[in-house]
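Please look over the sequence and the model shown below.

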Amino acid sequence: MFAWVLILLVAVLLAGCSTKEPTPASTGVVKEFTLTAKNWEFSPSTIRVNQGDTVVIHARTIEGIHGLMFPDFNINKRLDPGEEVTITFVADKKGTFSFACSVYCGHGHTTMKGTLIID
Ligand SMILES: [Cu+2]
């Protein structure tokens, strides 16, 4: 009896999942960027891609310890000297979004920001 209830429950859950909105598909276009962080700026500070692009960012710090976060894409990485961090995500929504340093790095920390434009 319990097994049947369990099977029924799993079936209901699976059916529920299949009715979810499909996430916008990637166009298959990959846009790669090399991004450096230093006190207190990102270079480049503006990244522009098209909706559906897969964005690959190779990030590193050339001065101090910083972070790199894209709050709208649930990305938050720490940048330690001598290490390259690769971030990959699909630009699945149009708009202008900000990215910023997520590790306190001194008096310029709060101004350490960049812009992600998705057309
Ligand atoms: Cu910082």
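**Basis.** This is a predicted model, in which local features need pLDDT of at least 70, side-chain atom pairs count only at pLDDT 80 or more, and totals for chains, interfaces and linings use all residues. Residues are numbered from 1 along each chain as its sequence is written.

**Overall fold.** The protein chain has 1 helix and 9 strands; helices (H or I, at least four residues) and strands (E, at least two) are DSSP runs, numbered from the N terminus. Along the sequence the order is α-β-β-β-β-β-β-β-β-β. The protein chain has 119 residues, of which 17% count as buried. Buried means 20 or more other C-beta atoms within 10 Å of the residue's own, exposed means 12 or fewer, and partly exposed lies in between, with C-beta atoms placed from the backbone. Two residues are in contact if their C-beta atoms, placed from the backbone, lie within 7 Å. Of the contacts with a separation of 6 or more, 66% are between residues 24 or more positions apart.

**The sheet.** Four strands form an open sheet in the order β2-β1-β4-β7, with mixed pairing. Its edge strands, β2 and β7, each pair on one side only. Direction ignored, neighbouring strands of this sheet are turned by 25° against each other on average; the axes are lines fitted to C-alpha atoms. Two strands pair if DSSP finds at least two bridges between them. β1 and β4 pair in the parallel sense over 8 bridges, and Val 30 stands opposite Thr 54 in β4.

| Strand | Residues |
|---|---|
| β1 | 30–38 |
| β2 | 41–43 |
| β4 | 54–61 |
| β7 | 85–90 |

**The core.** A nonpolar core is a set of buried Ala, Val, Leu, Ile, Met, Phe, Trp, Tyr and Cys residues joined through C-beta atoms within 7 Å. The largest one has 14 residues, and Ala 37, Ala 59 and Leu 68 touch the most other members. β1, β4 and β5 (66–70) each give two or more residues to this core, and β4 supplies the largest share, 3 residues. Apart from neighbours within four places in sequence, Leu 68 is in contact with Ala 37, Ala 59, Lys 77, Leu 79, Phe 99 and Ser 102.

**Thr 36.** Thr 36 is found in strand β1. Thr 36 counts as partly exposed because 16 other C-beta atoms lie within 10 Å. Its contacts, leaving aside neighbours within four places in sequence, are Ser 43, Arg 60 and Ile 62. Thr 36 and Ile 62 are 26 residues apart in sequence, with 6.6 Å from C-alpha to C-alpha.

How values were computed
Axes are lines fitted to C-alpha atoms, for helices over the stretch in contact, and angles run from 0 to 180 degrees between N-to-C directions.
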